[in-house]
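Hi everyone, thanks for making time. Let's look together at how some helices cross in this one.

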Amino acid sequence: MSKQVFPLNSPDISAFARALGRQLQTREAAPSHLEVMNMLARAAGYRNFQHLRAAHAAEARLDTPALVAAVDFRLVERALNQFDAAGRLLRWPSRRQIQLLCLWALWSRFPAGISLHEREVNARLNAAHGFGDAALLRRDLCGLGLFTRSRDGSDYRRQELPPPPEARELIRRLRGLAPN
């Protein structure tokens, strides 16, 4: 097993020394190696050495940059071409890949956790597109699992799902254009 190095910082060396001294005074015999490590960790403000080690492991995980998923900007550009300057969807794309990105963009315009009636969904979709087929968009949103609906159409809810990288980029670029 390789030895791991854990830096131990203390903002006040005097307080650190006092805390360590108090711990050593309560001992009758010399502390073991593990007991010394626990005393040092406690003097620095941790519960024990395990807490110190877990804190440093968490810091290393947080400091490691997450892998950024590659974005196909050509696909995003093709999807952007389907929207006008106000962020309205002008036409229904023929390529399914572009359709999916456009559906994610429409999905992002609905409030999370709010129940909407079919009429409200149609009104929002009609405001967000210009080709007059809210039913097509509504069916596709439900078919992809981006929305759930009750059998009678009285309850539509946006599903909280993580958009794919291209959809995130499209949503980001449309955010300033989209009607509220």
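H6 crosses H7 in a right-handed way; a crossing is called right-handed if the near helix is turned clockwise from the far one by less than a right angle, and left-handed if anticlockwise. Helices here are DSSP runs of H or I, at least four residues, numbered from the N terminus.

A quick word on the source: this is a predicted model, where local features need pLDDT of at least 70 and side-chain atom pairs count only at pLDDT 80 or more, while totals for chains, interfaces and linings use all residues. Residues are numbered from 1 along each chain as its sequence is written, and side-chain values use heavy atoms, with hydrogens and water left out.

Back to our pair. H6 covers residues 118–128 and H7 residues 134–143; their axes lie 9 Å apart, at an angle of about 110° (axes are lines fitted to C-alpha atoms over the stretch in contact, and angles run from 0 to 180 degrees between N-to-C directions). H6 is therefore roughly perpendicular to H7, the term for 65 to 115 degrees. Which residues of H6 and H7 make the contact? From H6 come Glu 118, Val 121, Asn 122, Leu 125 and Asn 126, and from H7 Ala 134, Leu 137, Arg 138 and Leu 141, with contact meaning heavy atoms within 4.5 Å.

Now for H1 (residues 13–25) and H2 (residues 33–43): they pack at about 140°, axes 8 Å apart. That angle makes H1 oblique to H2. Their crossing is right-handed. On H1, the contact uses Phe 16, Ala 19, Leu 20, Gln 23 and Leu 24; on H2, Met 39, Leu 40, Arg 42 and Ala 43.

Key. Helix = DSSP H or I, 4+ residues; strand = E, 2+ residues; numbered from the N terminus. Parallel < 35°, antiparallel > 145°, perpendicular 65-115°, else oblique.
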